[in-house]
Amino acid sequence: MDKMKKFFIVTTARSGSSWFSRKLAGIFNLNFLRELDTQKVDEMGFGLDLDKIFENMKRGDFFKIMYLQIENNEKMMDDFPCIHLIRKDGWAQAISNHIMRTLNISHTSQMDNLEVKEIKVDFNEVLKISKEQLGQKIKFINHLDKRNNVLKIYYEDIEEKEYWNEDLINKFSKFLESD
């Protein structure tokens, strides 16, 4: 782990990032420090100062950051190595987001204790969420694609077991190599 670089995973909500982060941490023996949320950065005493947060991370550490947590400011990520995780199926992502908001939970792991028989899906709300997320994705893709220290990964690819082959592992290994 001490030979691996520290980095951020940049993504949107409902992108499979928790699953991906745990999988990546397990394969490469990395330290997944959770989602970079307000409470976590307040505990660290840095506010949302990414320079200070990054400076205090150890090699092999990584945080997950949602677009909204950095106020949709893609330029905040300019100085940091990132894995940009993108979910191509924006409609499925928006439906998932709508369901989580409707149930007032933040993660599917919280569904185990719920007794939900029926959820009404509001088409207009899902459409609104989908459009918002698409705008965020385009903005970040256009900016982060121009950078050398960004690895772009699609959720739909990594959810397939066959995709986790030697080529992908080598791709991650190369990205994770210490500078």
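Phe-54 is buried, with a relative accessible area of 15%, where buried means under 20% relative accessible area, exposed over 50% and partly exposed in between, for a 1.4 Å probe and protein chains only. The model is predicted, so that local features need pLDDT of at least 70 and side-chain atom pairs count only at pLDDT 80 or more, while totals for chains, interfaces and linings use all residues. Residues are numbered from 1 along each chain as its sequence is written, and side-chain values use heavy atoms, with hydrogens and water left out.

**Aromatic pairs**

- A search of the whole structure finds 13 aromatic pairs, a pair being two rings of Phe, Tyr or Trp (its six-membered ring) with centres within 6.5 Å, counted as stacked if the planes are under 30 degrees apart, edge-to-face if over 60 and tilted otherwise.
- Phe-54 and Phe-80 form a tilted pair, at 5.1 Å centre to centre and 55 degrees between the planes.
- This pair links distant parts of the chain, with Phe-54 in helix α3 (residues 50-56) and Phe-80 in the loop between β3 (61-66) and β4 (82-86), 26 residues apart; helices (H or I, at least four residues) and strands (E, at least two) are DSSP runs numbered from the N terminus.
- Phe-80 is also buried, at 4% relative accessibility.
- Tyr-67 and Phe-140 are stacked because their ring centres lie 4.0 Å apart with the planes at 10 degrees.
- Ring pairs also link Phe-7, Phe-32, Phe-62 and Phe-175 into a cluster.

**Charges over rings**

- The charged end of Lys-5 sits over the ring of Phe-175, 4.8 Å from its centre, the criterion being NZ of Lys or CZ of Arg within 6 Å of the ring centre and within 35 degrees of the ring normal.
- Lys-23 lies over the face of Trp-164, at 4.7 Å from the ring centre.
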